[in-house]
Amino acid sequence: KKTGRIMKAIKHLLLAILPLVAISLAGCTKDEGTNNNGGGDIDLTNFDLKLELAKSGEDALEILCTPTNEEVPYLVFAIAKDDFKDEYVDEKVLIKDKLFKLRFEARLDGLAGEKFVQYVENLQHKGTQTVRFDELTPSTAYYVYAYANDKEAELIDDNFFIKEFTTTEKAKFNIVLGSENVTDMTAKLTATPNYDTETYFCNYMAEIDYEAIGGDTKVADYWVDYIETERNGAYSNFLTRGNISATATNLVPDTKYIFFAFGMDTKGNVTTDVFRTEFKTAPFQATDNCTFELTTAEVNAGSIVVDITPSSQTTRYYVGLTSADYIKAGYTVPEIAAQFIDQENAYETDWATSEYVYTGAQRFRFYTMADKEYLVLVFGVSTSGVRTTEIAYMTQKTKSVVPSSMTIDMTASDITMNGAKIAIKPSSQTEKYYTGFLTYDAYVNTLNS
């Protein structure tokens with residue numbers, strides 16, 4: 001068993017050191033090799049073997065072999081042109097070395113005598129044949145060589161033929177993007193790369209956002225930087241290989257989108273240009289005709305109270321509050337509503353049971369900052385998080401803070417190593433105030449921050 005393992009190791013080592021591959025187009029010559037009279041009764045007078053290119057690819061060659069005598073057996077091999085020049089003085093040395101390798105490999109597999117003869121018969125060809133060589137290097141010259149052989153794989157009467165062929169150039173990595181079945185809030189997106197081995201990043205964005213970050217020239221840098229800074233450089237988590245087909249959901253109705261992709265490796269290096277396609281969602285189609293009435297019940301510097309009354313008591317609805325600055329920045333109300341849904345989905349909200357989905361008339365108090373305009377929006381939502389109604393919304397500005405003339409006196413007593421009693425005396429008995437405590441060092445740091 002130990003000897004068997006050693007012999008297998010020798011075999012793998014030899015195959016690694018002496019690789020043989022496939023080849024491409026130039027001239028065909030007949031070598032003046034050594035004579036071998038092992039051809040039996042087969043007539044080799046004026047024997048010729050034409051080698052022609054049947055098909056060339058970036059990693060494969062198909063060679064059409066046409067002999068003048070259909071009964072003459074022949075062997076066909078290939079080697080990179082550069083390897084031939086580096087390792088062999090001429091064709092005679094090449095064929096001698098190839099025969100040695102054949103016998104050595106057969107011997108490692110226990111193929112001697114008649115078994116070796118059978119081994120050779122399985123390798124050889126007769127008549128017109130197309131021989132394929134795979135796992136080649138793109139844009140590389142190869143020598144395909146063939147020779148008439150006897151049953152021991154020996155060359156017969158100098159019948160050696162060799163011709164140069166070249167594999168095609170490797171095509172640039174390309175990704176074909178498509179969109180189909182586009183509705184008001186969904187679209188089926190497909191990506192089809194020409195290589196399954198290459199990794200790439202793909203995503204979609206509203207055109208307004210895509211152009212805001214600089215379009216095609218900046219989008220790759222933007223996402224590389226995002227993964228690096230916001231996702232700790234975990235590029236592999238954002239890459240894919242091969243074909244993809246997925247449905248984008250919660251899209252904004254009547255909105256133009258850019259679906260884009262670019263090659264990227266696991267270190268964040270961008271390897272291609274940006275590929276893109278565009279699609280536009282259809283206008284919104286409500287599945288629930290419920291409408292909402294929004295009324296401001298109270299406004300002060302720190303909060304807004306809003307009454308919401310739906311026209312249907314059974315409609316499930318969602319309420320959101322955000323800065324009205326988004327409207328001023330060019331975002332539409334449907335886009336903002338979609339962002340609220342995306343945010344809840346990121347929190348893995350169960351839309352069927354969420355406490356933030358309501359029915360019937362409700363009063364809401366929103367805590368806010370002073371002297372700031374806010375947007376309140378309401379829309380129906382299904383148990384799967386799909387918007388079902390038109391959006392009702394309002395804007396409301398909070399009041400400014402009115403400066404107070406109240407003063408507060410504080411005195412400490414009963415001070416111990418564990419605490420103290422603090423007496424607080426405000427000048428007004430009706431105004432509210434806030435208290436808290438922290439270490440002096442923390443207080444100084446807060447002032448300096």
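# Reading rings, cores and pockets

Q: Which ring has Lys-170 over its face?
A: A charge counts as sitting over a ring if NZ of Lys or CZ of Arg is within 6 Å of the ring centre and within 35 degrees of the ring normal. Here, Lys-170 lies over the face of Tyr-195, at 4.9 Å from the ring centre. Likewise, the charged end of Arg-387 sits over the ring of Phe-284, 3.9 Å from its centre.

Q: What kind of model is this?
A: This is a predicted model, in which local features need pLDDT of at least 70 and side-chain atom pairs count only at pLDDT 80 or more, while totals for chains, interfaces and linings use all residues. Residues are numbered from 1 along each chain as its sequence is written, and side-chain values use heavy atoms, with hydrogens and water left out.

Q: How many aromatic pairs does the whole structure hold?
A: A pair of aromatic rings is described by the distance of the centres and the angle of the planes. Rings of Phe, Tyr and Trp (its six-membered ring) pair if their centres lie within 6.5 Å; planes under 30 degrees apart count as stacked, over 60 as edge-to-face and the rest as tilted. A search of the whole structure gives 25 such pairs. One of them joins Phe-47 and Phe-161, edge-to-face, with 5.9 Å centre to centre and 70 degrees between the planes.

Q: Where in the chain do Phe-47 and Phe-161 lie?
A: Helices (H or I, at least four residues) and strands (E, at least two) are DSSP runs, numbered from the N terminus. Phe-47 is in the loop between strand 1 (28-31) and strand 2, and Phe-161 is in strand 7; the two are 114 residues apart, and their pair links distant parts of the chain.

Q: Why does Phe-47 count as buried?
A: Buried means under 20% relative accessible area, exposed over 50%, and partly exposed in between (1.4 Å probe, protein chains only). Phe-47 counts as buried because its relative accessibility is 3%. Phe-161, at 1%, is also buried.

Q: What angle lies between the planes of Phe-84 and Tyr-88?
A: The angle is 35 degrees, with the centres 6.1 Å apart, so this aromatic pair is tilted. Phe-84 is buried, with a relative accessible area of 9%, and for Tyr-88, also buried, the value is 9%.

Q: Which residues of the largest nonpolar core touch the most other members?
A: In soluble globular proteins, nonpolar side chains tend to be buried together. A nonpolar core is a set of buried Ala, Val, Leu, Ile, Met, Phe, Trp, Tyr and Cys residues joined through side-chain atoms within 4.5 Å. The largest one here has 22 residues, and Leu-49, Leu-51, Ile-63, Cys-65, Val-76, Phe-133 and Val-144 touch the most other members. At least two residues of this core come from each of strand 2 (49-56), strand 3 (61-67), strand 4 (74-80), strand 5 (129-133), strand 6 (141-149) and strand 7 (155-166). Another core lies apart from it, with 20 residues, among them Ile-95, Ala-106, Tyr-145 and Tyr-147.

Q: Which elements line the largest pocket?
A: On a 1 Å grid over the protein atoms alone, a cavity is a set of points where a 1.4 Å probe fits but cannot get out, and a pocket is an open set with protein on both sides within 12 Å along at least five of seven lines; lining residues have an atom within 4 Å of a point. Grid points are joined across faces, edges and corners, and a volume is the space filled by probe spheres set on the points. The largest pocket holds about 860 Å³ of space. Of its 30 lining residues, Tyr-204, Asp-209, Ala-338, Gln-339 and Asp-342 lie nearest its centre. Strand 10 (199-206), helix 5 (207-212), helix 6 (216-230) and helix 8 (333-346) each give two or more residues to the lining. Helix 8 gives the most, with 8 residues.

Q: How many cavities of 30 Å³ or more are found?
A: The search finds 1. The largest cavity has about 50 Å³ of space, and its lining includes Met-185, Asn-250, Pro-334 and Arg-387.
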